[in-house]
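Here are my notes for a colleague who is meeting this structure for the first time. Please keep the sequence and the model open while reading the points below.

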Amino acid sequence: MALIDLARGMRGYPVRPPQSGMVRRRSLWSRIHLDPWLLLLLLMLLGAGLLVLYSASGQRIEVVIAQASRFGVALMALVVLAQLSPVTLLRWAPLAYGASLLMLVAVEVMGDMGMGAQRWLVIPGVVRFQPSELMKLAMPMMLAAYLSRRELPPRWRDLLVCAAVLALPVLLIARQPDLGTSLLVLCAAVFVVLLAGLSWRFIVFLCVVAAAALPLLWMNMHNYQRQRVLTFLNPESDPLGAGWNIIQSTTAIGSGGMFGKGWLQGTQSQLEFLPERHTDFIVAVLGEEFGLAGMLLFLALYLLIVCRGLWLANAAQDTFGRLLAGSIILTFFIYVFVNIGMVSGILPVVGVPLPLVSYGGTSSVTLMAGFGILMSIQAHRRLLPR
Amino acid sequence: MHNPRPALKNTQQEVRIFRIRSLLAFLIVMLLTSLLISRLVYLQVVRHEVYITRSEDNRVRVEPLPPTRGLIFDRNGQLLAENRPTYNLTLVRERVDDLEETLALLVDLLDLPEEEVEAFRQRSRQRQRPFQPALLMSDLSEEQIARLAVNRHRLPGVEVEAQLLRYYPDAEIMSHALGFVGRINAEELKELDVGNYAGTHFIGKTGVERFYEDELHGQAGLRKVETNARGRVLRELGRTDPVPGQDLTLTLDKDLQALGHQLLEGRRGSIVAIEPGSGEILAMVSSPGFDSNRFVTGIDSASYQALQEDIDLPLFNRAIRGQYPPGSTVKPFLALAGLAEGVITPEETIYDPGYYQLPNDSRRYRNWLRWGHGRVDLERALAVSNNTYFYTLAHDLGIDRLSERMHTFGFGERNAYDVFGESTALMPDRDWKRARFNQPWYPGETLSVGIGQGYWMVTPLQLATATSILANRGEWVKPRIAKRIGDQELAVDLPDTKEDIVLENDAWWDRVFSGMEKVISGSEGTARRTGVGLKYRMGGKSGTAQVFSLGQDQKYNAEELAERLRDHALFIAFAPIEDPQIAVAVIVENAGGGSTHAAHLARAMTDAWLLEPEENGRNVDALLEAED
């Protein structure tokens, strides 16, 4: 199988325990519960991302330093979470979910207004963060924990429970309003259920329901959200207003050509025609300055990370680990796809950053924490044959 | 600690399902990635050209560099129109934190009239390019600039911008002849070469400024600049310098023009002087004048309305558009027509009983002298301005020949080469009357035309032109107002010059000149008082144009008539007779008789032109006093 061949090609760590069943000498990596391949790929991505960020921030080194220090925190989160055993995670799943949900409610009730949307929770002088980010991890943990105790593939009753578990947080986040994050949380949840073996009949049924619900969704959207969809369908309708972002980002990417205009040489980005150039639209800077070649390189990096992630998920020994790892890595890909898709104009604009490249703290910490969980699932295998 | 697994759980099956599902997920990941890649290939390879163009358009802005308008000088190099740096108050909205607060502060600092602020508010509401300065006030005073400088730190986004503005140092004197520039209006914009005028705000509206617009304007340059998304200029990528407009040297003599203006001070009227040999217009005065500088910055509507509604019509260029009955000033030309057509000879005489009667008509057409001049020949007829002689002449010529001959002197036509807005006035004939009134031409009307009345209308410029052609002994030179464009002299022979007037006997010119000399220097001359102390030989002819028609046998009493119904005073003159250097036409509206109210003005002009200042004994004030 292609997947397995691919994974074997990059083998650097014995995936399967030796046949003898003896306790093998554990490598250094194993002892610190980290996956060197995944870590290497992530560090490459972070490094390349900082390079792009320097250009995208208008060559402000302080932005790069701030981002690098966030990456430091994110790496710490990765290392810490990698030390926790999946069993611990499984046990804490309901607590994490419950706490996240509680904080989402708190945001709903008393959250600080930031960036025009009610997303932030502030404990004055201590911490200021988005509970929705926490939910990105708590949600798949909760569902994976629940389904791991059930007989799979899930039955109707299990699905109803899952639906109940995912509905409230997703709605709360969507109400903030933060369509991007609620979409990602929903994806994380759906991936768990799909990987658990949701029947094909039900998948088709869900698709039909979703299609039917589209008009309903439209009716409940905020004006600016509707505007985004309309703009996506026809950006030229309002070139100086809502269409500006998409026109400028496709112009930036398109003008990059095969090999780009060169680092720091992108006119669209350096002259500020590109909006949100160092956050959600950073990929346009990449496309403009490094061209198709640069884009393919980044996509390859992302794909390798996704492949390694899927490989680790498959190597997990229990259902909880498998479902959680699979959901985390597929959600990561959704980030990449939605972000590049919206910036290049094939998806409507939703606020999804390019993972580990866009400027911004919380999401990179969450993402790296997710990778930490992935590594923990991989590294805490009981070294016994099945 | 391990989870107790439910007994029903089938680990093998779960792993199998997960394998299949994750493989499927991988395939979808690949599919979506290919979708992204194909989109990127489409943008970056297939449509690359489109987007690279679009991004260049974004970044590069072409800014026009307006050329500097050419200067205008008089024939002696005296400056008539220049470009003066002025200072405008502009405001960049993007850099102003609180517009209302800034405006309030400005109003306070500069004593801005409230209506200007209101106008600015309206202008600022219109959407324009970001970071483009909007004009708040033009032509700041030194004090205002100083006050702004002191308070600069309190006024971010407010700038004082230098701009070259047209300035006419002697606006009142030169206003009609020069014309003026003003802001380009929407109608003019449609006609303009948009590229060349992209950075230009002003265009010639009338006069020389209008006629020589192309030469004065020059060729716009441009510079390519790189701007950021907010329109701020970051650097210059390239430039083509503008070609400044050409300087223009006029034929006008500023001093003579000033004299003409002074002579007409407080009067309505016009003086036009031409150098006969060259056709150069030496002076072209229309009184009253106006301050053309006010039109450059944009005159406010109240002042404009006041000028428009002024009963003296200061905006009306009488020299080229004023239409006056020429009165007796046209008698020399009629005499020449009679000589050319063989209707009269210089020696032939008529008897003037004080009136003329058409055959079979009882109506008497009166001479101005009730009891008549008795025996009158050509020269005497001109000297005393005998009407009966010219009634006879006109009747014998008939309107057809008369009108045709007058056209050869330029009456009823536009004659000047480069005077904008010249009127043809009116040389009546049968066809015109038929078209205008649907009536035949009556013989009595020919008699009126014979003494320069009736339907006949001339402009001062036409009258001066005809006088200049007469002084030239019939040789046509087109009147012109430009002498040099840049370094290029205007040719003497201009296109569309009329055919010269040739008489059978060249000595006849001298007979007409002699008659005209007697007007001034003869013992019976109508303007003999004007000839006192004359230091050269001068020919002239007075004229009095009726504004108000008198009934048969009514006596004219100037005192009883309202000022505006009084006769116009006219006079034409040229000098010196043996080698004419200047031809003048003078019209003073509602002044009364031409011999007493216009002749001395013509004399003042010729004196000023022909005599050295120290010789020119009689100063203008003395002249004007002598009138009464």
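At what angle do helix α3 and helix α4 of chain A pack, and how far apart are their axes?

1. Helix α3 (residues 36-56) of chain A and helix α4 (residues 61-83) of chain A pack at an angle of about 155°, and their axes are 9 Å apart. That makes α3(A) roughly antiparallel to α4(A), a term used for angles over 145 degrees. Axes here are lines fitted to C-alpha atoms, for helices over the stretch in contact, and angles run from 0 to 180 degrees between N-to-C directions. Helices (H or I, at least four residues) and strands (E, at least two) are DSSP runs, numbered from the N terminus.

2. On the side of α3(A), the contact is made by L46(A), L50(A), L53(A) and Y54(A), and on the side of α4(A) by I61(A), V63(A), V64(A), Q67(A), A68(A) and F71(A); by class, it has nine nonpolar, one polar and no charged residues. Residues are in contact if their C-beta atoms, placed from the backbone, lie within 7 Å.

3. Before going further, note that this is a predicted model, in which local features need pLDDT of at least 70 and side-chain atom pairs count only at pLDDT 80 or more, while totals for chains, interfaces and linings use all residues. Residues are numbered from 1 along each chain as its sequence is written, and chains are lettered from A and ligands numbered from 1 in the order in which they are written.

4. Between the chains, 37 residues of chain B are in contact with 45 residues of chain A. The largest share of the chain B side, 20 residues, comes from α1(B), and by class that side has 20 nonpolar, eight polar and nine charged residues.

5. Chain B also holds an open sheet of three strands in the order β1-β9-β10, with antiparallel pairing; strands pair if DSSP finds at least two bridges between them. Because β1 (60-65) and β10 (233-240) of chain B stand at the edges, each with a single partner strand, one side of each is left without a neighbour in the sheet. Strand β9 (residues 221-227) of chain B pairs with β10(B) over six bridges, and T227(B) stands opposite V233(B) in β10(B).

6. An automatic or database domain assignment supplies the domain bounds, and chain B is divided into domain 1 (63-250) and domain 2 (254-292 + 313-626).

Terms used
Contact = placed C-beta atoms within 7 Å. Nonpolar A, V, L, I, M, F, W, Y, C, P; charged D, E, K, R; others polar. Parallel < 35°, antiparallel > 145°, perpendicular 65-115°, else oblique.
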